Amino acid sequence: MEFQEPYQDEEARSAGLGGARVALGAGPETIPFTFDGEEFSVSGFERELPMISSVADRGRLVAAGSKDPATNLSLDDWHAVARAVVQPLGTAVQLRNQPEIASALIEEHVDGVTLRSLHARVWLTELFPGLQPRTGQEALPIVDPEVHGATEDGLPLASLAYRYENRHHLQEHLRQTIAFTRRANPNPYDQSILARRITRAVIAHPCRLEFKDGTEPIHVLAVRDGITRITSSWALLAEEGADPERIAEVATSTLLAEKPTRRGSAEKPLSQRCALGRQEELASLHAEFLRGLVGGQPSARAVRIGQTLVVPAQIAVGVQPHANVLLPPDELFDDAVRSILASVHVEFKQWEPAAQNVEVGTRALRRVLLSGVEVEEEAEAALSDIVDLALGRRRPQDLPAIFRDGRIPGTALWRAVYLVHALTRPLVFEQVKRSAKEIKGTRQMRTAGYAELLGPIVDLPWRAAKGESIRQARNAWTNGGVLTAEVMGDWRPSPCADFTLLVEPALRGDPNARATLTVAGGIALIADKLITRNVGSAVGRTVPFRADVQRVVQGLSLQPDGLWLLAHAAQRFEEDRESLSAVPEGRLRGIDATRYYQHVDVDPKQPDGISRDETGAPVQLTPWQTVALSDPEAAARIGNKSLSGQNSAVALTVAEQLTDGRRKLKVALTSSTDLLLELVALAQRPEAGSLQAPGSSEEAKELHELAYELGHKIFANKPTDVDEDAVGEEADEE
């Protein structure tokens, strides 16, 4: 393993900061500060920053860590830790060099291993945002790097390797992570950090950034919990009012700074050149801090730097496997870290459900694989291959090889079909469910709960392309998805080049053909927002009646017209672009329809089974028609609603149409009020913390403007006998 040469003393001296404090102060102060138009007190501000550590001090920490029998890091890892730590000598005190001396490291026992960490203050400029489920489950364009564990002599190390395509991939992924984290948090910690600094330690570990194009690796410290706090700190170091992309640019330019080797000097490794580049950025911030203290009253910039530059961190430095642990050595450390994060964000400060499902589902699959469970013969594939397919390590093009059947098309939808089949076989289903319950700390999990775990696994190939519908699709999976009784039963996928060829066998009673259409067509309809989790406000507007997603899918599979609909939906599904059905109605005008594909209504009387209008053009499928076809009898009982979802206005007078329209408007407004009350109730729950019902100030403003505009339009079209003064008085009273 490559030894990373530490900084040279002349480098630190050239910055003018090594070996001396940046400024002298009398101790912490409380000073007034104005941020975002609000004045508050900044407590604990100090007119000095810690010195940048010397090479000698960092070397002592590396030596102490290497001798401690409770730690498991390479020399390169220890150098990454030593660079990041503000006071290496103080940190070295936590380490020991003799087995009989008690360790001062933090110990946590999780899932078959003991994880050991040290607590230290670290420089913000040395903390790289690591992978997290919150971004992993989102429809983001830049793919995550591969994650590999590190071992030495067959034992795990407390570090990981992130393998990127090239340095550009690293740069874009860092920008994406920081920008998304900023956008995903409507109530950032900016003011809190200014007032009190970051007080809760972030969780970090050494990480080796590798590149598939052969570029030298870079050794850094990766943050796994606390990325939102880190992002808020970078926001404070960017200019005031900076948007997420600008914040990401400021952070990335610092983290990826590189100092070229001096002319005539021996070429330094890339990791060291980058470390020296970050040190120069740190020295620049120190210098800005000094300039901001001139004149007595610290400048706003000096306050921002002083409150953000040093961060408390819990840094993993050791991992010890317990006896009879199932996981292989190269997976032990990552699983232990993820277990700690899950205990925080699944049980306590919760991630959003989709992020929890990504974490729980993927970890449960790995546990089942390592428990020795065998897939039943019907699956015709090794469980290891199925798990790799589910986690994205094998591509859809590998389907024929994985399942040993050359007839299987290597597409994302067929990947979903085979995964749903394999992961719902009784033995695998029970084992995955058991592991998921253990990870979540729950005693029960219904089939709908299991479907919720499958959603992010199924949509992995098209997640980035279908951002318009991903949220509704995830909600549909929480409502049962495609896991009907027949799908959970005994069947095998029927591979074919055209899904419509399966309709006739399904009508004749072939369970394999029927279940294949159920899964493939159901997934396509869910992914393209034609089957959603029905709520009360949708009834009478977009669907004829309320029904669970699972029941809609099952109902379609039991109707001849429904089977044709499932077949055409599966056949028309495209993984790399949106369906027209996913575009919100308000945005349909003016869009380029050629960028979207279209699902079609069905008419079994036609040779191709497609319903067409008077001009011969295919009729676009609607959520109303989809739900109606799942239960024609229930749809017929609705009254004056046709299966197309259009009001039978031709048979109504204008007065009747106006009455019906006002009824719809009142239902919609009432549902909106109910939804707002639900949001308010959710925001009042303890686990909501500081989250507000209307979201950020920008979101609240947008909602208010929409409501105001609607009220204005209603008032502008009021009857002539309405007393304007009376209306105004009522408004004032409210």
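Predicted model: local features only at pLDDT ≥ 70, side-chain atom pairs only at ≥ 80, totals over all residues.
Another member, Asp36, belongs to the loop that joins strand 1 (29-35) to strand 2 (38-45). With a relative accessible area of 65%, Asp36 counts as exposed, because the term applies to residues over 50%.

Gln191 stands 155 residues away from Asp36 in sequence, yet their C-alpha atoms are 8.8 Å apart in space. Gln191 itself is part of helix 7, made of residues 190-196. Its relative accessible area of 28% makes Gln191 partly exposed, since this value falls between the limit of 20% for buried residues and the limit of 50% for exposed ones.

The next topic is the interior. Helix 14, which runs over residues 383-390, has six of its eight residues buried, so the helix is largely enclosed by the rest of the structure. The buried residues of helix 14 are Leu383, Ile386, Val387, Asp388, Leu389 and Ala390. Just after this helix comes Gly392, whose phi is positive, at about 85°.

As for disulfides, the count in the model is zero, where a disulfide would require a pair of cysteine sulfur atoms within 2.5 Å.

The backbone deserves attention too. Most residues other than glycine have a negative phi. Asp153, although not a glycine, has a positive phi of about 55°. Where is Asp153 found? It sits in the loop between strand 6 (146-152) and strand 7 (155-164). Its relative accessible area of 76% places Asp153 among the exposed residues.

Lys529 is likewise not a glycine, and its phi is positive at about 65°. This residue lies in the loop that links helix 21 (511-527) and helix 22 (549-557). Is Lys529 buried or exposed? Lys529 is buried, with a relative accessible area of 16%. Asp153 and Lys529 are thus both loop residues with a positive phi, but Asp153 is exposed, whereas Lys529 is buried.

Key:
Residues numbered from 1 in each chain as written. Heavy atoms only, no water. Helix = DSSP H or I, 4+ residues; strand = E, 2+ residues; numbered from the N terminus. Buried < 20%, exposed > 50% of the residue type's maximum accessible area, 1.4 Å probe, protein only.
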